[in-house]
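Subject: Two-chain model, handover and findings

Hello,

Here is the model I promised to pass on. Please open it first; my notes follow below.

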Amino acid sequence: MKKLLWLILCLIALPAVAALDGTQILQKVDRNLEPESYETYRKLIDMQPDGSKKEYVLYTLKKGRDKVVALFLSPPSDKGRATLRIGDNLWLYIPDVGRPVRITSLQSVTGSVFNNADILRVDYGAEYNVEAAEEQKDALVLSLKAKTGEIAYDRLKMWVDKKLYLPITIEAYAASGMLIKTLRYKDIKDFGGGIKRPATLETESPLFKGYKSVMLWSALKKGTFPDEVFTLNYLPRVQELRK
Amino acid sequence: MSMPRASWAHWSLLFFLSVTAHAAAAEEYTFDASEFDKKPFELGGYLQFKQENFALNRGGAFYKLGNVNQPQRDSLDRTTGTMELIGKVRPGIGTFDFRTHSDLVRDQVTHDHTNVLYEGVYSIRPDPGVTVEAGKKTLRWGKGYAWNPIGFVERAKDPNDPELSREGLVMASSDFIFNREGPLKTVAFTPVLLPVGKDVNSDFGATGHLNPAAKLYLLYRDTDIDFAWQGKGSRPGRFGMDFSRNLTSNFEMHGEWARISQFARPVTDSAGRVTIGTENATSYLLGLRYLSEKDTTYIAEYYRNGTGYSEQQAQQFYQLVNTAFAQLEQTGSSALLPKALSLTQGAYGRPNAGKDYLYFRAQQKDALGIVYFQAAITAMMNLQDRSYQVTPELFYSGVKNLDLRLRLFMLQGGSSTDFGEKQNSRKLELYARYYF
């Protein structure tokens with residue numbers, strides 16, 4: 001009887017990380033970061049070593065785990081461009097070209113440190129399996145492995161806030177083990193509707209020394225959208241969905 | 001007690017630096033989306049200044065035909081100012097989209113200007129999956145980068161500038177989109193009605209027809225597939241299909257196939273005897289796009305032009321032109337010249353009138369380690385006569401709203417070859433485009 005009581009006490013005393021497996025932590029991170037279906041406005045700022053900046057504003061819709069569409073509202077040279085992602089398929093629509101062309105997740109439609117996989121990000125859980133979960137003093141650390149070879153980064157190392165279950169820092173690695181970039185989530189903000197999450201994402205890459213890119217969120221809210229919005233034929237009309 | 005002058009300057013400088021640093025930091029991370037709310041009227045566009053220098057090919061058939069009874073030149077400098085206005089008005093339940101195109105061209109021979117409405121179309125969307133449109137619109141069908149055999153209801157693309165905006169055609173069209181789960185994710189159907197009359201789409205084909213056309217799009221097992229059709233009317237009936245698929249995340253493959261029924265094509269011999277051959281014409285294209293680890297994009301396409309001319313047929317035409325000008329030189333007049341000119345304005349004068357072409361482009365992003373700087377090289381070859389064109393290109397978009405592009409076209413080919421008989425042997429082109 002004493003042994004049984006001792007066992008029960010030990011189980012109660014175990015840290016929360018043991019009660020939650022890595023996959024569950026990742027699911028919580030995905031949902032805390034964004035509702036499964038949402039709309040938002042984002043500003044992308046690319047900073048060059050000489051201090052000059054280039055800014056883009058995108059209107060973004062996401063539905064389910066793997067459908068994202070993003071429309072460029074600014075600058076004028078990119079206005080009307082739209083990108084669509086359905087799972088591993090990515091397309092870019094340029095008004096002058098008039099028809100969508102397939103693009104890859106490794107490219108960057110803005111030419112910044114953020115690539116298309118960052119700009120059209122789907123749930124982490126849709127692309128990665130959790131290989132290991134570890135508890136550190138202030139954070140939970142997840143080691144993630146891409147589910148297929150089509151994913152932009154082969155491995156991610158994600159530091160997760162233990163209280164908020166939100167990502168703090170993510171290191172992205174190539175299959176060779178080389179660090180491609182580091183993403184840092186900052187500025188927790190209450191967007192309303194029960195959404196409290198970082199409003200800023202910064203990234204730097206050892207491949208682009210001196211360059212830095214920042215993504216800012218505004219007007220993030222839950223939404224329901226018809227499936228037809230996430231099709232090639234709808235890309236020229238996405239801007240009509242804005243209020 | 002007064003503070004020494006140096007101290008005032010010191011504190012003023014510190015205050016200024018702290019205020020500007022604070023302002024810069026605040027600006028860097030501030031974003032309010034309300035300024036991007038949808039507006040009832042939107043207007044944008046670009047202004048472009050283009051300077052071209054042509055090294056004219058005095059011995060080329062198309063130079064001779066384009067400069068009959070004109071002062072002969074070895075070179076030409078052309079300046080072109082272009083303005084495109086792109087706008088959107090949202091009256092009532094629908095949306096009116098428009099694009100205007102204005103050109104002002106000056107060179108040693110031409111002083112000209114054009115004002116064209118490229119697009120002006122009213123759209124209503126009674127349901128997210130249904131769009132009904134009427135007006136002047138540019139449809140772009142097909143997956144090819146340089147050519148589109150299934151571009152049935154559009155003006156031909158310029159393979160030297162495939163991403164250039166083009167004038168549309170007056171039409172009524174609809175778009176029906178169906179989405180579903182499973183291997184067939186999307187089905188979209190686009191029917192089109194295109195009238196051709198004396199004042200409407202008159203350059204499309206024979207007048208007095210309401211031409212039906214349609215496209216069916218499928219996203220099936222991660223492959224884009226289109227089936228296209230255009231009924232017989234102003235032009236012979238035609239049908240075709242295309243596909244595009246990523247074989248790996250950085251390797252895309254695409255293709256197009258089209259068949260035109262009973263296509264009538266004039267064929268001349270070197271004496272100017274023209275026969276109209278009518279037969280079914282099959283065109284197709286196979287292409288790929290590859291992105292390397294070093295961010296170099298390669299595009300390659302093979303194009304079989306079913307309505308084009310073989311090397312021998314083209315040689316007969318070039319001989320006709322040479323004979324016509326030899327006659328003109330010897331006698332002061334030539335009965336063959338009007339025939340040659342007439343054929344040039346028709347099928348023989350198209351940008352790519354041959355049968356087999358190869359297109360290759362390599363473009364390097366962030367070339368020389370400079371962000372927003374792109375270096376590219378494009379080559380186009382007529383595979384039958386082995387003549388070709390090579391175009392190195394530099395492009396910079398690092399200045400806000402400004403694009404700069406420099407290109408040098410170098411054409412190479414012997415007598416009686418596709419690129420050897422063009423109007424120019426070289427062209428240097430520089431443009432600055434400012435978006436607003």
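How many residues of chain A are in contact with chain B, and how many of chain B with chain A? The contact involves 43 residues of chain A and 41 residues of chain B. Two residues are in contact here if their C-beta atoms, placed from the backbone, lie within 7 Å.

First, the ground rules. This is a predicted model, so local features need pLDDT of at least 70 and side-chain atom pairs count only at pLDDT 80 or more, while totals for chains, interfaces and linings use all residues. Residues are numbered from 1 along each chain as its sequence is written, and chains are lettered from A and ligands numbered from 1 in the order in which they are written.

**Interface**

On chain A, the elements giving two or more residues to the side that touches chain B are strand 1 (38-47), strand 2 (53-63) and strand 13 (212-222). Helices (H or I, at least four residues) and strands (E, at least two) are DSSP runs, numbered from the N terminus. By class, that side of chain A has 17 nonpolar, 12 polar and 14 charged residues. Nonpolar covers Ala, Val, Leu, Ile, Met, Phe, Trp, Tyr, Cys and Pro; charged covers Asp, Glu, Lys and Arg; the others, Gly among them, are polar. The model scores ipTM 0.81 and pTM 0.87.

**Chain A**

Chain A has 5 helices and 13 strands. Its radius of gyration is 20 Å, close to the 18 Å that the globule rule gives for 243 residues, so chain A is as compact as a globular protein of that length. The radius is taken over C-alpha atoms, and the rule is 2.2 Å times the number of residues to the power 0.38. Along the principal axes, the C-alpha atoms fill a box of roughly 75 × 40 × 35 Å.

Buried residues make up 42% of the 243 residues in chain A. Buried means 20 or more other C-beta atoms within 10 Å of the residue's own, exposed means 12 or fewer, and partly exposed lies in between, with C-beta atoms placed from the backbone.

The largest nonpolar core has 59 residues. Such a core is a set of buried Ala, Val, Leu, Ile, Met, Phe, Trp, Tyr and Cys residues joined through C-beta atoms within 7 Å. A:Leu58, A:Val69, A:Leu71, A:Ala82, A:Leu84 and A:Leu142 touch the most other members. Beyond four places in sequence, A:Leu71 is in contact with A:Leu58, A:Tyr59, A:Ala82, A:Val238 and A:Gln239. A second, separate core of 16 residues includes B:Val153, B:Ala228, B:Met241 and B:Ala281.

Two loops deserve a look. A:Pro75 is in the loop between strand 3 (67-74) and strand 4 (82-86) of chain A. The peptide bond from A:Ser74 to A:Pro75 is cis, with omega near 0°. A:Tyr165 is in the loop between strand 9 (155-161) and strand 10 (167-173) of chain A. Phi of A:Tyr165 is near 50°, a positive value in a residue other than glycine. A:Tyr165 counts as partly exposed, with 19 C-beta neighbours inside 10 Å.

**Chain B**

Chain B has 4 helices and 18 strands. Its C-alpha trace spans about 105 × 55 × 45 Å along the principal axes. Of its 436 residues, 29% count as buried.

Which residues of helix 4 (336-345) of chain B are buried? They are B:Leu336, B:Leu337, B:Ala340 and B:Leu343.

B:Asn201 is in the loop between strand 7 (184-196) and strand 8 (209-220) of chain B. B:Asn201 is buried, with 20 other C-beta atoms within 10 Å.

**Confidence**

pLDDT is the predictor's confidence in each residue, from 0 to 100. Chain B averages 91, and 94% of the residues score at least 70. Over residues 1-9 of chain B the pLDDT is below 50. Residues 11-27 of chain B also stay under 50, with 0 contacts beyond four places in sequence. Where pLDDT is low, the predicted coordinates should not be read in detail.

Best wishes
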